[in-house]
Amino acid sequence: MEDIELESIGKLKPHPQIPDEWLISQPIGVPFFGDKEFKFILDVDLETDEMFLSEADETIENFLRLNEDVKTSLSNYIYQNYQAVQNYYQYEPSAIPTLELSNENDIWNYVYPFEIYVSRRHRRDKDIYVKVDCGCEWEEEHGLQLVFRKGLKLTRVSDIDGHLTEADAYNKADEDDELLSKF
């Protein structure tokens, strides 16, 4: 695979570990995370998906328009994930730490994004999604993933399982997927 350039994130090179399927960018400042820099990893088969690069470019541009104000508006979803993990371990209270939270927005102090993937959903809508893999203090083993359909709107908060939607993860209809159905 040859080097490719997108308007949104510049030059992409074949990923050193999976050069036939993934492209990787140089570090790019991401406003959603206070301009912290991340490499974008694009999961693509250019031989069979001719529209991927143009759609991915638009999706990444959308995602890069999201800022910390948008992040703050999504705090409740991240907090709900924390509470769900707490409830799961209710009979093992030492399994997860109790976080110092004065409000739901403080949950972000315990979230550590480390990779951003851009890929096409291979069923139903077949849109391009941005998936952000994060470490978090309440789920050290499985982490936290945030998924944005077309880079515009949060459509999944879960542990890192690779699925882009709850519908795909649990084999249910898109309209039964709470966040996805609001898109």
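1. Two strands pair if DSSP finds at least two bridges between them. Helices (H or I, at least four residues) and strands (E, at least two) are DSSP runs, numbered from the N terminus. In these terms, the bridge partner of Val111 is Cys136 in E8. Strands E7 and E8 pair in the antiparallel sense, over nine bridges.

2. Concerning the basis of this note, the model is predicted: local features need pLDDT of at least 70 and side-chain atom pairs count only at pLDDT 80 or more, whereas totals for chains, interfaces and linings use all residues. Residues are numbered from 1 along each chain as its sequence is written, and side-chain values use heavy atoms, with hydrogens and water left out.

3. The sheet is open and has eight strands in the order E1-E2-E3-E6-E7-E8-E9-E10, with mixed pairing. Strand E1 (4-6) and strand E10 (153-158) stand at the edges; each has a single partner strand, so one side of each is left without a neighbour in the sheet. From one strand to the next, the twist averages 25 degrees; here axes are lines fitted to C-alpha atoms, for helices over the stretch in contact, and angles run from 0 to 180 degrees between N-to-C directions.

4. Within this sheet, strand E6 (residues 40-43) runs parallel to E7 and is joined to it by four bridges. Phe40 has Ile116 of E7 as its bridge partner, and Asp43 stands opposite Ser119, also in E7. Strand E7 is mostly covered, with seven of its 10 residues buried. Buried means under 20% relative accessible area, exposed over 50%, and partly exposed in between (1.4 Å probe, protein chains only).

5. Helix H1 (residues 52-65) has 14 residues and reaches 20 Å from its first C-alpha to its last, close to the 20 Å expected at 1.5 Å a residue. The expected span is 1.5 Å times one less than the number of residues. The buried residues of H1 are Phe52, Leu53, Ala56, Asp57, Thr59, Ile60, Asn62, Phe63 and Leu64. H1 lies across E1, strand E3 (22-25), E6, E7, E8 and strand E9 (144-149), and runs at about 145 degrees to E6. Helix H3 (residues 75-88) also packs on the sheet, touching E7, E9 and E10, and its direction makes about 10 degrees with that of E10. Contact means heavy atoms within 4.5 Å.

6. Which residues have the most contacts inside the largest nonpolar core? They are Phe40, Leu42, Trp138, Leu146 and Phe148, in a core of 43 residues. H1 gives the most to this core, with six residues. A nonpolar core is a set of buried Ala, Val, Leu, Ile, Met, Phe, Trp, Tyr and Cys residues joined through side-chain atoms within 4.5 Å. In soluble globular proteins, nonpolar side chains tend to be buried together.

7. Not counting residues up to four places away in sequence, Phe40 touches Ile9, Leu23, Ile24, Ser25, Ile28, Val30, Ile60, Phe63, Leu64, Ile116 and Val118. Leu6 is found in strand E1 and counts as buried, at 6% relative accessibility. With the sequence exclusion of up to four places, Leu6 touches Leu12, Leu42, Leu53, Asp57 and Ile60. The C-alpha atoms of Leu6 and Leu66 are separated by 18 Å, although these residues are 60 apart along the chain.

8. The cysteines deserve a separate remark. A disulfide is a pair of cysteine sulfur atoms within 2.5 Å, and by this rule the count comes to zero. Cys134 is in no disulfide, and its nearest cysteine sulfur, that of Cys136, is 7.8 Å away. Cys136 is likewise in no disulfide. Cys134 counts as buried at 0% relative accessibility, and Cys136 counts as buried at 4%.

9. Two backbone angles may be inspected in the loops. Asp35 is not a glycine, yet it has a positive phi of about 65 degrees. Asp35 lies in the loop between strand E4 (28-30) and strand E5 (36-38), and is exposed, with a relative accessible area of 51%. Lys126, which is not a glycine either, has a positive phi of about 55 degrees. The place of Lys126 is in the loop between strand E7 (111-120) and strand E8 (128-136), and Lys126 is partly exposed, with a relative accessible area of 45%.
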